[in-house]
Amino acid sequence: MSQDSHHGKWTISSSDDDDDEALPPSGTHRPAASSHSPHLSAPPSVPKLEPVSASVEVKPEPANPPVSSLVIGSEARQSAAKSQVNPVKYETGPSLAGKRKKEVSDGSGWALSDSDDDDGDVKGKSASNLPKRAPPSPKAKKPKVESERPPSPHGRLYYIDEPDDFFESSIPCLNDTYRFYLNKVTGLDRKYNSGALHIKDILSPLFGTLKESVQFNYCFDISWMVNQFPPEFRDRPVLIVHGDKREAKARLLQQAQPFPHVRFCQAKLDIAFGTHHTKMMLLWYEEGFRVVILTSNLIRADWYQKTQGMWMSPLFPRLPEGSGASAGESPTFFKRDLLEYLASYRAPELEDWIQRIKEHDLSETRVYLVGSTPGRYVGSDMERWGHLRLRKLLYENTEPIPGDERWPVIGQFSSIGSMGLDKTKWLAGEFQRTLTTLGKSSLRSDTPVHLLYPSVEDVRTSLEGYPAGGSLPYSIQTAQKQLWLHSYFHRWKADTTGRSHAMPHIKTYMRASPDFTQLAWFLVTSANLSKAAWGALEKSNTQDMKTFPVHTNPFPVSSSSSAFPVPFDLPPTCYSPKDQPWIWNIPYSQAPDTHGNIWVPS
């Protein structure tokens with residue numbers, strides 16, 4: 001199947017091969033289910049408002065009833081992480097992998113439960129979508145290892161130890177203006193990791209004397225997670241908030257058996273195949289309280305050679321005793337929205353944390369929290385969640401800009417769901433209307449839209465090579481139904497941050513000036529490009545801020561810079577006529593990747 005577009009003829013077949021054989025099966029998967037997803041966003045025209053946003057995403061099963069669960073996060077890859085083996089080696093090309101460690105321990109209204117059967121963020125895809133060696137003989141039984149953690153998506157020999165100076169030994173120079181940070185990436189020049197954060201940095205004593213924490217996420221490696229805490233905090237109570245059920249839940253609980261200080265809270269997902277997609281940390285210190293909203297799963301692969309992002313709050317002090325119920329609120333009502341989000345879990349395990357938050361002063365917060373929770377909403381409830389919540393914030397807190405129809409919308413993501421048979425079904429309709437809202441200006445239908453998604457060549461030449469594509473689950477079944485979408489695509493290019501070869505697991509959305517030197521607003525989130533993540537209007541749709549500059553050279557980091565560190569290069573780079581978007585369940589066997597591997601799904 002092929003289609004001509006502005007970037008040339010885009011062909012869907014067995015990727016680099018021109019044969020007419022049927023495509024390999026894509027593997028079994030569970031339908032994606034909606035869940036809560038808090039985004040952090042702040043229109044920057046109001047003084048002291050940080051233009052940062054973080055979000056959560058929820059996905060539903062077809063014809064699911066209204067639900068009200070929560071999630072913040074990124075696409076998850078539990079099945080792949082548990083069963084993937086080494087990629088197939090290219091027969092004639094030498095391996096470029098280099099030396100590795102020998103062993104690593106490693107009704108009408110607003111619907112946020114729209115079912116995307118081909119949603120790009122499907123969590124339960126099997127490892128059949130991933131590169132494999134020949135299966136072992138059925139007679140050869142592998143000894144059962146009870147304490148074994150999920151293997152690396154790249155094989156056990158992939159990881160190398162970070163250098164001694166990789167982690168911070170003193171308080172790092174951070175950009176406190178926006179409090180938005182990238183993760184450290186192994187293999188980059190040191191300057192591109194200066195001012196970036198690893199999970200070990202976040203949990204270190206540099207930021208407070210930790211007493212307890214809550215880890216909201218989708219994918220966990222409990223042993224690896226525990227080892228990220230410094231030795232003095234390694235036995236402090238940790239509450240894991242997850243959405244696993246049945247066998248997956250049993251495996252998760254088994255992982256934690258050696259760690260009695262780790263407890264669990266199962267998110268109530270009222271959908272048979274619902275997933276808990278939230279990625280957030282609540283950190284309680286002797287000195288106060290902190291919130292971290294991020295895009296990484298709690299597995300090593302997500303913190304190694306991918307581009308991730310996070311928003312880390314200030315250290316919130318405790319309020320004086322006797323403070324009123326409204327004390328400690330921020331100009332963006334972050335405290336109220338966070339408490340509402342946590343209450344949606346209906347979880348007794350979170351009650352103590354809800355009370356702790358009430359007792360702290362969150363008034364320094366300068367971002368907005370945009371939550372998503374599955375369900376169908378009417379009336380004023382339509383503007384509580386998802387992209388209609390973002391639309392309301394942009395309407396109320398931004399100002400029209402002269403010539404704003406020339407200010408492009410930029411969306412960057414790592415997974416793609418079903419958009420419909422043409423752009424009017426959702427993308428260029430309700431979703432674009434939200435992203436182009438600037439105060440009370442009228443809707444512009446001709447606003448440019450740039451979508452960033454890695455091409456096959458971006459993945460092949462990445463630090464991880466083809467296995468990076470296991471975190472970019474855009475399926476051939478979905479792509480075949482929406483070839484029109486690919487004319488929007490731009491490459492992943494991030495020379496300014498040194499991360500062109502660190503494939504994005506981060507998701508960002510923003511409004512930029514025509515010359516790409518200013519932003520009207522910026523949002524960092526785990527919500528990919530899908531109706532299930534952002535919500536969709538049903539039936540008949542009855543349902544003071546200035547710009548801020550783009551940092552053209554964000555590394556090394558300056559603590560007081562007023563410019564914003566966009567994770568990728570601006571302006572975005574259009575696909576060339578030869579570029580194709582990465583699709584994870586078709587083979588790529590014509591050219592080896594940076595480790596000498598080819599990609600052969602089975």
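Predicted model: local features only at pLDDT ≥ 70, side-chain atom pairs only at ≥ 80, totals over all residues.
The phi angle of Arg-246 is near 50°, a positive value in a residue other than glycine. Is Arg-246 buried or exposed? At 58% relative accessibility, Arg-246 counts as exposed, because the cut-off for that class is over 50%.

Let me now turn to the helix itself. H4 comprises residues 246-255. Within H4, the residues Ala-248, Leu-252 and Gln-255 are buried. These three cover an arc of only 55° around the axis, which puts them on the same side of H4. The face turned away from that buried side carries Arg-246 together with Glu-247, both of them exposed. What, then, covers the buried residues of H4? The covering elements include helix H3, residues 222-228, as well as two strands, E8 at 238-242 and E9 at 262-266.

Arg-346 lies in a loop, between helix H5 (334-343) and helix H6 (351-358). With a relative accessible area of 39%, Arg-346 is partly exposed.

I close with a peptide bond. Which residues does the cis peptide bond join? Leu-570 and Pro-571 are the partners, and omega is about 0°. Pro-571 has its place in the loop that runs between strand E21 (548-549) and strand E22 (597-598).

Definitions and conventions: Residues numbered from 1 in each chain as written. Heavy atoms only, no water. Buried < 20%, exposed > 50% of the residue type's maximum accessible area, 1.4 Å probe, protein only. Helix = DSSP H or I, 4+ residues; strand = E, 2+ residues; numbered from the N terminus. Arc of directions from axis to C-beta. Contact = heavy atoms within 4.5 Å.
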